[in-house]
Amino acid sequence: MHRRRAGPHKSVFSHSQTPRLSYGHSSRMNVAKSGYRVFSANSTTACTELAKKITERLGVELGKSVVYQESNRETRVDVKESVRGQDIFIIQTIPRDVNTAIMELLVMAYALKTSCAKNIIGVIPYFPYSKQCKMRKRGSIVCKLLASMLAKAGLTHIITMDLHQKEIQGFFSFPVDNLRASPFLLQYIQEEIPDYRNAIIVAKSPSAAKRAQSYAERLRLGLAVMHGEAQCSESDMADGRHSPPSVRNTTGHPGLELPWKHQAPFPGIELPIMMAKEKPPITVVGDVGGRIAIIVDDIIDDVEDFVAAAEILKERGAYKIYIMATHGLLSADAPRLIEESAIDEVVVTNTVPHEVQKLQCPKIKTVDVSMILAEAIRRIHNGESMAYLFRNITVDD
């Protein structure tokens, strides 16, 4: 077979036709010099404040995108710049309309995934549905469902803060960095509460005792724990998954044995019956008389329990009541109830937007945590260790 003699390779383009790659100003605008972009997936202006503070600390601009709701309430996301091959951080703060915020995050993550982003990291300071992390009656573990949805949408990593239960990290198939707000709240106590050395840390329920103990040990203060009828611990809620049901009124053939009829598992065997719980009247374990009482928790949403706790502490002799919490959801009439209560001050971080509530109640104060979130973004992008952000953090914190 005749073979053509090998010669120097020639381009299929003539000299005049050879395409040239443009490295002009417009090309540089589309590719971040730092190799990462920061977007906000919120459609409301109030929810983008935290994202703006984080980007200011990082020295970058917020990514160009449009997030909005159609007239039929469908979520639409348009990314206005190239994200190919870059690390993308989506900052999503959760407003009162939780489900809309989740859809915005899912749609944006999927849009970035289909636009060939290298890594998609969700920065979700308050993780929604975190209270629904245990089986309740014949319900479902919604937090696990949300973790699966985020993974399916394209997220490869999550940065969050003070998960309601640390075991939630096990729901995810990718890394989760659960940052802590306690250093910022501890700093606020030391700098903004006069005579804090005369304070005592209070857990409003036994389930919050570990968190309160951590604060007390770091501030070298005493610890008090409240227990009684006002406490509503998640662990005390009835599981309710009776199978078969204990009682069921049915009509049928008199000789027919229905499978759900209440009977012992084996003839002649009776299982011991669990005694019903009866909570004692509310008590305070610890001396709060003549002290500043500081109640610590991770979430403050419906404030009835906090208001009731403040009244008990006042009766026991506490002369000032502070509440410290990471996530200030402050739903429904929370601002009004706080304003009318014995609580002197409620201190929360800006993981959740609450500017409207602050206008309604001047007792609500905010601590900025954008610094640690920005540092987490920088370290993850640069491949640096996150251990610096967890210095002196123990398992119980």
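## About the model

This is a predicted model, in which local features need pLDDT of at least 70, side-chain atom pairs count only at pLDDT 80 or more, and totals for chains, interfaces and linings use all residues. Residues are numbered from 1 along each chain as its sequence is written, and side-chain values use heavy atoms, leaving out hydrogens and water.

Helices (H or I, at least four residues) and strands (E, at least two) are DSSP runs, numbered from the N terminus. Strand β12 (residues 320-328) has eight of its nine residues buried, so it is largely enclosed by the rest of the structure; buried means under 20% relative accessible area with a 1.4 Å probe, protein chains only.

On one side, β12 pairs with strand β11 (residues 292-300) in the parallel sense over eight bridges; pairing takes at least two DSSP bridges. From β11 the chain crosses through helix α7 (residues 304-315) to β12 in a right-handed β-α-β crossover. That is, with the strands pointing away from the viewer, the path from the first strand over the helix to the second runs clockwise.

Strand β13 (residues 345-349) also runs parallel to β12, joined by four bridges. Here alanine 325 has valine 348 of β13 as its bridge partner. Together with helix α8 (residues 334-340), β12 and β13 make a right-handed β-α-β unit.

## Helices α3 and α4

Ile102, Leu105 and Tyr110 are among the α3 residues that meet α4, where the partners include Leu146 and Met149; contact means heavy atoms within 4.5 Å.

Note on methods. Buried means under 20% relative accessible area, exposed over 50%, partly exposed in between (1.4 Å probe, protein chains only).
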